[in-house]
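These are my notebook entries on one protein chain, written as I looked things up. I begin with a single residue and then move on to other parts.

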Amino acid sequence: RHGIRDCWDNAMITVNTSTGEVKNMRVTLTYCDKIQPDENLISEVNVQSAFKELSPMRAEYKLSDDDKAVLLYEPSNPQIYIDALSGKEFNKHEEYEKSNMTASGGGGDRDSHESAAAADFTEQELNQISEINNLMSVDELRKIAEGMPELGLNADDYKNCSYNKVNYSDDKESAYMASLVYETNSKDKKGGRITLDAKTGELLRYWSYLDHSGTEVPKYSGVQTFETARTFAEKYASNQYKNTMFDGEVSDKIDTEDIKMPIYNFYRLVNGYKYGDNYISICVDNITGKICSFLKSWNGSISFESADNIITPDQAFESLMDYVGIHLRYVPHKTDDINEAVIVYELNDDTKPYWISAHSGSLVTGNGSLYTENNKPFEAADIVGHYAENQIKSLLAVKMISLPENETAFRPDEPITQGELLAFVESLKGMSYPMPLKYDSIYGYARSNGLIKSDDIADSNALCKREDGTKYIIRALGYDNIAQMSDIFTTGFADENMISDGMKGYVALAKGFGVIGGNPDSTFEPQGVLTRADAAIMIYNYLSR
């Protein structure tokens, strides 16, 4: 309307590239009672000043490649809206506000990165190689786990221990992890799972089951739960914690209306600047005051470029405005039961990245590569002749999935990680995430929309099985309650007995919806690793049904 983008309205049409047949169409429209006229708008110059004040530029290290991190500037709140009439920050009505929840995403230790391939060992198999690899015994590992009073893991509740070997694709020595499971029926906890380095006993991860009746109210303030998290990090990850920063806010008041488990992320600090890919994440229950989860994502082999002679934040902002700029758009806003389309200014980042090199002042992608106008982010060079070529090309063309800027590799045959799969699946709900993926946003949306449940382990780098693809897609489509009634379903697959307990309904519904079809021999291979190509095919199949 009048050259200004309209709300979030769009239409998506899927066409068979071989026949030209329209296979699917989806239209999103926003109803408005009133449309603000495009008159008396403040100037772009004044808006730039407001944007600079409300979303100042900050420098942060970003992973480039080959274990190198570069220093980039970005606006502290790139999604901010500026009211086009007043020049003040536009406060969106909660019914239209985009999800901004956070959750523990990303990571695991280096041991869980997607470049590694894992293999489980039984206790008997491990005993045969323990002397060679100097691994700790189960008793030694239990002594460490049960010696952490903050976790409350009792010897009587111990169930089992499994060892896992991680083979890296580079020259790094293989690593071993041990996961110990504890189960109890006490009121506050039903148990937990703790992962330790099998050679050193170092704490890598912890996750607990929680059992609240629904009648409890929070008893601990943000200050109290933060101090619990900080003390735990300092005690059990001291080498990493001493080089971290916390950039959140905590309250000294107890919010009895807000039953939640706050998550505190302590980010790595290098040369005085944050490196967001390395962190210690700790969740504390504000009802019991106990540690709910611990996750450490830390790569000690990263090299960081110098922070000397970098440009100032003001210079970085000038570069951002020169390269990217701001533009007008209509957004929906509700006041007094009236839906109105109002005009705001926003960063013009639809087709361009918003990172500025801290050394050169040039516009770059999220990994520090120089951005050029002739980038072709929707073309994947490594899918030519692949069995999923058409499906991947179609999804890339409509931005259902995306590639990192300046990259042409989709990596179709690589296993897909949980974080990547959730980003794929959330595209079915209209969500779109720029590359590189920001897992806080992905997992925040996943939790608030039921894709990740309270008893699920959220690990963005965990490799997914084929049955996992059906679970997340069926949940995204709103059929989770039906899928949980596993006893009423049959899948017809020859290897149905290989489907995990509680998963048969998801697989059966996915087959019924045409999301999956199975192999020529009538098998599904539910425990097989799900590749990025097959995940894309699942998304495409649903859209094309």
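Is Ser360 buried, partly exposed or exposed? I looked up its relative accessible area, which is 48%, and so I wrote down Ser360 as partly exposed. The cut-off matters for this step, because a residue counts as exposed when the value is over 50% and as buried when it is under 20%. I then placed Ser360 in the loop between strand E19, residues 355-357, and strand E20, residues 363-364. I also noted that the C-alpha atom of Ser360 is separated by 7.8 Å from that of Ile310, although the two residues are 50 apart along the chain.

Entry on the whole chain. I am working with a predicted model, and I checked the confidence before going further. The mean pLDDT of the chain is 81, and 82% of the residues reach 70 or more. Over residues 93-119, however, the pLDDT is below 50, and I noted that this stretch has 94 contacts in the model beyond near neighbours in sequence. I found 13 helices and 20 strands in the chain, and buried residues make up 49% of its 545 residues. Of the contacts between residues at least 6 apart in sequence, 65% join residues at least 24 apart.

Entry on a strand residue. Next I turned to Val342, which has its place in strand E18, residues 338-347. Its relative accessible area is 7%, so I recorded Val342 as buried. Which residues is Val342 in contact with, leaving aside its neighbours within four places in sequence? I listed Gln36, Phe90, Arg329, Tyr330, Val331 and His333. For Pro332, which is 10 residues from Val342 along the chain, I noted a C-alpha separation of 6.3 Å.

Entry on helix H6. The buried residues of H6 are Ala316, Phe317, Ser319, Leu320 and Met321.

Entry on two helices. I then compared the axes of helix H8, residues 418-426, and helix H10, residues 466-476, which come within 10 Å and cross at roughly 35°. The crossing of H8 past H10 is right-handed. On the H8 side the contact is made by Gln418, Leu421, Leu422 and Val425, and on the H10 side by Asp468, Gly469, Tyr472, Ile473 and Ala476. I sorted the residues of this contact into six nonpolar, two polar and one charged.

Entry on cysteines. How many disulfides does a search of the whole structure find? The search finds zero. As a reminder to myself, a disulfide is a covalent bond between the sulfur atoms of two cysteines.

Methods
Residues are numbered from 1 along each chain as its sequence is written. This is a predicted model: local features need pLDDT of at least 70, side-chain atom pairs count only at pLDDT 80 or more; totals for chains, interfaces and linings use all residues. Side-chain values use heavy atoms; hydrogens and water are left out. pLDDT is the predictor's confidence in each residue, from 0 to 100. Contact means heavy atoms within 4.5 Å. Axes are lines fitted to C-alpha atoms, for helices over the stretch in contact, and angles run from 0 to 180 degrees between N-to-C directions. Helices (H or I, at least four residues) and strands (E, at least two) are DSSP runs, numbered from the N terminus. A crossing is left-handed if the near helix is turned anticlockwise from the far one by less than a right angle, and right-handed if clockwise. Ala, Val, Leu, Ile, Met, Phe, Trp, Tyr, Cys and Pro count as nonpolar, Asp, Glu, Lys and Arg as charged, and the others, Gly among them, as polar. A disulfide is a pair of cysteine sulfur atoms within 2.5 Å. Buried means under 20% relative accessible area, exposed over 50%, partly exposed in between (1.4 Å probe, protein chains only).
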